Amino acid sequence: MSSSNILVLNGSPRNGGIVAGFAAELQEAAKGAAIINAYQQDISPCTDCRYCKSHNECIIPDMNDIYDMLEQADAFVVASPVYNGGLPAPLKCIIDRLQPYYYRRVVRREPKLKPKTGFLFLCSGQHHPETAKHIEFWLNRLGTVINTQFKDTLYIGNTDNAADLSGIPEFIQMIKEATTHE
Ligand SMILES: Cc1cc2nc3c(=O)[nH]c(=O)nc-3n(C[C@H](O)[C@H](O)[C@H](O)COP(=O)(O)O)c2cc1C
């Protein structure tokens with residue numbers, strides 16, 4: 001049995017936080033998982049310069065390693081806290097920089113990226129399942145651009161008080177099963 005190439009995009013700046021704990025457990029369970037910590041990347045925001053409208057790359061080179069990892073991945077896991085009803089700025093910045101794939105796929109109709117299975121892990125201080133649904137909706141739209149079928153979401157609310165983390169092992173098992181080949 002071999003594990004797929006899993007790419008985890010971690011949107012939390014906290015080492016000891018819930019997202020970091022989830023990412024570490026996933027990496028332990030699925031040995032092939034690579035974690036990108038958005039806060040350690042120093043990625044520039046998309047400026048909508050539209051270079052990628054007619055070129056198969058971004059004019060700013062700081063995402064090149066991340067593009068390579070994404071293109072090689074079999075599974076893509078976005079794991080993040082909710083900040084002010086959305087994703088933390090450094091993670092949103094990386095996601096916005098996937099815009100070359102939009103022009104490549106939707107506008108220029110070039111071949112799809114390798115198909116990937118996607119998963120979303122979200123947590124927030126209060127209980128806001130509607131926020132998780134909203135983020136899930138936008139990630140599904142992104143999924144059509146990067147050829148990622150988002151399969152499931154685990155949302156953990158109320159982390160300010162008594163967060164229920166009991167769903168994490170089952171979620172990790174689901175990711176493992178979806179990404180392990182005989
Ligand atoms: C800048 C900032 C904005 C936040 N915005 C929200 C929010 O809109 N809704 C919410 O329920 N929690 C919000 N939180 C709380 C975090 O989502 C929560 O503490 C989360 O569990 C942190 O996860 P982590 O420890 O894995 O990083 C915010 C926290 C910070 C630092």
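## Around the ligand

Of the 16 residues around the ligand, those that come nearest are G17, P81, S124, G125 and T159. A residue counts as near a molecule or strand when its C-beta atom, placed from the backbone, lies within 6 Å of it. The shell around the ligand is made up of 9 polar residues, 6 nonpolar ones and 1 charged one. In this scheme Ala, Val, Leu, Ile, Met, Phe, Trp, Tyr, Cys and Pro are nonpolar, Asp, Glu, Lys and Arg are charged, and the others, Gly among them, are polar.

A word on what you are looking at: this is a predicted model, in which local features need pLDDT of at least 70, side-chain atom pairs count only at pLDDT 80 or more, and totals for chains, interfaces and linings use all residues. Residues are numbered from 1 along each chain as its sequence is written.

## Overall fold

The protein has 7 strands and 6 helices, and from the N terminus on its elements follow the order β-β-α-β-α-β-α-α-β-α-β-α-β. The radius of gyration is 16 Å, close to the 16 Å that the globule rule gives for 182 residues, so the protein is as compact as a globular protein of that length. Here the radius is taken over C-alpha atoms, and the globule rule is 2.2 Å times the number of residues to the power 0.38. Helices (H or I, at least four residues) and strands (E, at least two) are DSSP runs, numbered from the N terminus.

Taken along the principal axes, the C-alpha atoms fill a box of roughly 50 × 40 × 25 Å. Of the 182 residues, 30% count as buried; that is, 20 or more other C-beta atoms lie within 10 Å of their own, while 12 or fewer makes a residue exposed and anything in between partly exposed, with C-beta atoms placed from the backbone. Among contacts in the protein with a separation of 6 or more, 80% are between residues 24 or more positions apart. Two residues are in contact if their C-beta atoms, placed from the backbone, lie within 7 Å.

## Helix α1

Helix α1 covers residues 18-29, and its 12 residues should span 16 Å at 1.5 Å a residue; the end C-alpha atoms are 16 Å apart, which agrees. The expected span is 1.5 Å times one less than the number of residues.

Its buried residues are I18, V19, F22, A23 and L26. They cover an arc of only 135° around the axis, which puts them on the same side of α1. The arc is that of the directions from the helix axis to the C-beta atoms. The packing partners of these buried residues are β2 (6-10), β3, β4, β5 (116-123), β6 (148-156) and α6.

## Helix α6

Buried in α6 are F171, I172, I175 and T179. Seen down the axis, these buried residues fall within an arc of 100°, so they line one face of the helix. On the other side of α6, the exposed residues are P169, E170, Q173 and E177.

## The loop between β3 and α2

The loop between β3 (33-37) and α2 (64-72) holds D48, and R50 sits in the loop between these elements too. Most residues other than glycine have a negative phi, and most peptide bonds are trans. Yet D48, not a glycine, has a positive phi near 50°, and R50, also not a glycine, has a positive phi of about 75°. D48 is exposed, with 10 other C-beta atoms within 10 Å; R50 is exposed with 11.

P45 also lies in the loop between β3 and α2. P45 counts as partly exposed, with 13 C-beta neighbours inside 10 Å. Not counting residues up to four places away in sequence, P45 touches C93 and D96. P45 and A29 are 16 residues apart in sequence, and their C-alpha atoms are 33 Å apart in space.

I66 is part of helix α2 and is partly exposed, with 18 other C-beta atoms within 10 Å. Leaving out residues up to four places away in sequence, I66 touches I36 and I94.

N84 is placed in the loop between β4 (75-81) and α3 (89-96). N84 is exposed, with 8 other C-beta atoms within 10 Å. From N84 to W138 the C-alpha separation is 16 Å, and the two are 54 residues apart in sequence.
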